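This briefing is intended for a reader who has the sequence and the three-dimensional structure at hand. Please keep both in view while reading the points below.

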Amino acid sequence: MTSLLHFSTSPTSLSFLRNKTGFRIPFQHRVRCNVAESLKFENGKPCTPMFSNNDVLASKSHLDISSNTNDTRLRIFSGTANPALSQEIACYMGLELGKIKIKRFADGEIYVQLQESVRGCDVFLVQPTCPPANENLMELLIMIDACRRASAKNITAVIPYFGYARADRKTQGRESIAAKLVANLITEAGANRVLACDLHSGQSMGYFDIPVDHVYGQPVILDYLASKTICSDDLVVVSPDVGGVARARAFAKKLSDAPLAIVDKRRHGHNVAEVMNLIGDVRGKVAVMVDDMIDTAGTIAKGAALLHQEGAREVYACTTHAVFSPPAIERLSSGLFQEVIITNTIPVLEQNYFPQLTILSVANLLGETIWRVHDDCSVSSIFQ
C-alpha cells in the first residue's frame, strides 16, 4: 500500500498550521507574548507573536530564566533590516528586544546608539544583510562597534541571510572574493561569533576567523511539506543546478528517501540562466525544487518550465532566502508553480505577495540556537 509522505528529522522539527491569514504557526501550546504594539503583517508575519512549547524548542529552563529579563545577561538587539523576525525571536525566548537608536543622517551616514547598558552581557545582533545589502551590512558593522565600545562581554552577529555569499570564489581572472572581505569586516568590527542561516556554500564558514554556527531552515520546510497529503511514490526532489545536488540529496533523504533529479544549466552571465537538460525522471510526479535562495528566479522558473515539458504533474519551489529581485515576482506567479515556499529570513513586501506564496517562520529555530549558544550547549544536535 502506498504510504503518504513523511520525513525523518530530529525532535526539533517544527509543526505549523495555517490560520485565516495564511500564516503558519506552531500548533502545540500556543502562548501569547506581551509586545508594545501588534505586528501588522500577513502571509507569514505574525499578527500576534507566538512560540512553541515543545520539548526542545522551548525548554522549561529557558522560560524560567527569561521570566525576569533582569535575571539574565543575554541581550537581543534588532537592526532595521528585519525587525519583525527579531521580534518573533525575542518573543519565542520570552525576552524583550533591547533598546537601540538607529538613524540616518541627511548625507546617508548611519548613527547607532544603545539605549541600555550591555556591560558584561552576551549580546546578539539580529541583522540580515539583505537588499539594500550595503546599507544593512554597514548598519550591522556599526552596531557591532557600538556594542564593543559599550563593553559587551560577547557579541554574536545573527545574520539570517548573509549577503555577498555568492562571491565565495574566483571563477574568472581578476575577480574579488567579496564573501571573505565581508567576513573580515565583521570580524574586525568586533564580533566574537556569527550565527548564519543556510549559507550559499559551506566554505564561507572558513572565511571567518571567529566561530560560526550554521543553522538550516530545512526542518521548517520539511515539516510543512510533510503536512501535505502527497504520496511518497509520487514525489521527486529536483536540484535546479549541479551545484545544489548535495543540498537536494539531503532534502530528498528526509522526504522518505525520495528520488532525485537534476536540471543541467549553463549560465552565460550574472542573473542569466539557460536550461540545457534534465537528468532523472519526473513524468507524472510531484516535483519539489530545492535551492538556498531565489534572486531573479530565472534559474528556478526555467527549470520549472522544463519539468512541465518532461511531464511533471505539479511543481513546488522551496527556498530559504527570498531575495526576489525584479522580475522574480512575475516569473514565480506566472502559473509554473503550484506553491512557492520560503522562509522569513528576508522580509517580503506586502505588494510582492502572490497567491502561490507561502512564508514560514524560522524564529523558533534561531531563538533556540541563540539559547544554546548562550548556555554553551550543542547547536549541531538540533539537526541530528
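Asp 376 is exposed, because its relative accessible area of 72% is over the 50% cut-off. In this predicted model, Asp 376 belongs to the segment after H9. Its phi is positive, at about 60°, although Asp 376 is not a glycine.

**Other backbone features**

- Ser 256 also has a positive phi in a residue other than glycine, with a value near 55°.
- Ser 256 sits in the loop that links helix H6 (245–254) to strand E13 (260–269).
- Ser 256 counts as partly exposed because its relative accessible area is 24%, which lies between the cut-offs of 20% and 50%.
- The peptide bond from Pro 131 to Pro 132 is cis, and its omega is near -5°.
- Pro 132 is part of the loop between strand E8 (122–126) and helix H3 (133–149).
- A cis peptide bond also runs from Pro 326 to Pro 327, with omega near 5°.
- Pro 327 is located in the loop between strand E16 (314–322) and helix H8 (328–332).

**The packing of H2 against H9**

- Two packed helices are described by the angle between their axes and the distance between the axes.
- The axes of helix H2 (residues 83–93) and helix H9 (residues 363–374) cross at roughly 55° and come within 8 Å of each other.
- H2 is therefore oblique to H9.
- The crossing of H2 and H9 is right-handed.
- On the H2 side, the contact involves Leu 85, Glu 88, Ile 89, Tyr 92 and Met 93.
- These residues meet Ala 363, Asn 364, Leu 366, Gly 367, Glu 368, Ile 370 and Trp 371 of H9.
- By class, the residues in the contact of H2 with H9 are eight nonpolar, two polar and two charged.
- H2 is mostly covered, with ten of its eleven residues buried.
- Among the buried residues of H2 are Ala 84, Ser 86, Gln 87 and Cys 91.

**Leu 365 in H9**

- Leu 365 is found in helix H9.
- Leu 365 is buried because its relative accessible area of 1% is under the 20% cut-off.
- Leu 365 touches Tyr 216, Gly 217, Val 220, Ile 382 and Phe 383, leaving aside residues up to four places away in sequence.
- Leu 365 and Val 220 are 145 residues apart in sequence, and their C-alpha atoms are 8.3 Å apart in space.

**The nonpolar cores**

- In soluble globular proteins, nonpolar side chains tend to be buried together.
- The largest nonpolar core has 42 residues, of which Met 93 and Phe 251 touch the most other members.
- H9 gives the most to this core, with six residues.
- Phe 251 touches Gln 218, Ile 221, Leu 222, Leu 225, Val 237, Val 288 and Val 290, not counting residues up to four places away in sequence.
- A second, separate core has 34 residues, including Ala 191, Ala 196, Tyr 207 and Ile 210.

**The protein as a whole**

- The protein contains nine helices and 18 strands.
- It has 384 residues, and 53% of them count as buried.
- Of the contacts between residues at least 6 apart in sequence, 65% join residues at least 24 apart.

Methods. Residues are numbered from 1 along each chain as its sequence is written. This is a predicted model: local features need pLDDT of at least 70, side-chain atom pairs count only at pLDDT 80 or more; totals for chains, interfaces and linings use all residues. Side-chain values use heavy atoms; hydrogens and water are left out. Axes are lines fitted to C-alpha atoms, for helices over the stretch in contact, and angles run from 0 to 180 degrees between N-to-C directions. Helices (H or I, at least four residues) and strands (E, at least two) are DSSP runs, numbered from the N terminus. Angles under 35 degrees count as roughly parallel, over 145 as roughly antiparallel, 65 to 115 as roughly perpendicular and the rest as oblique. A crossing is left-handed if the near helix is turned anticlockwise from the far one by less than a right angle, and right-handed if clockwise. Contact means heavy atoms within 4.5 Å. Ala, Val, Leu, Ile, Met, Phe, Trp, Tyr, Cys and Pro count as nonpolar, Asp, Glu, Lys and Arg as charged, and the others, Gly among them, as polar. Buried means under 20% relative accessible area, exposed over 50%, partly exposed in between (1.4 Å probe, protein chains only). A nonpolar core is a set of buried Ala, Val, Leu, Ile, Met, Phe, Trp, Tyr and Cys residues joined through side-chain atoms within 4.5 Å.
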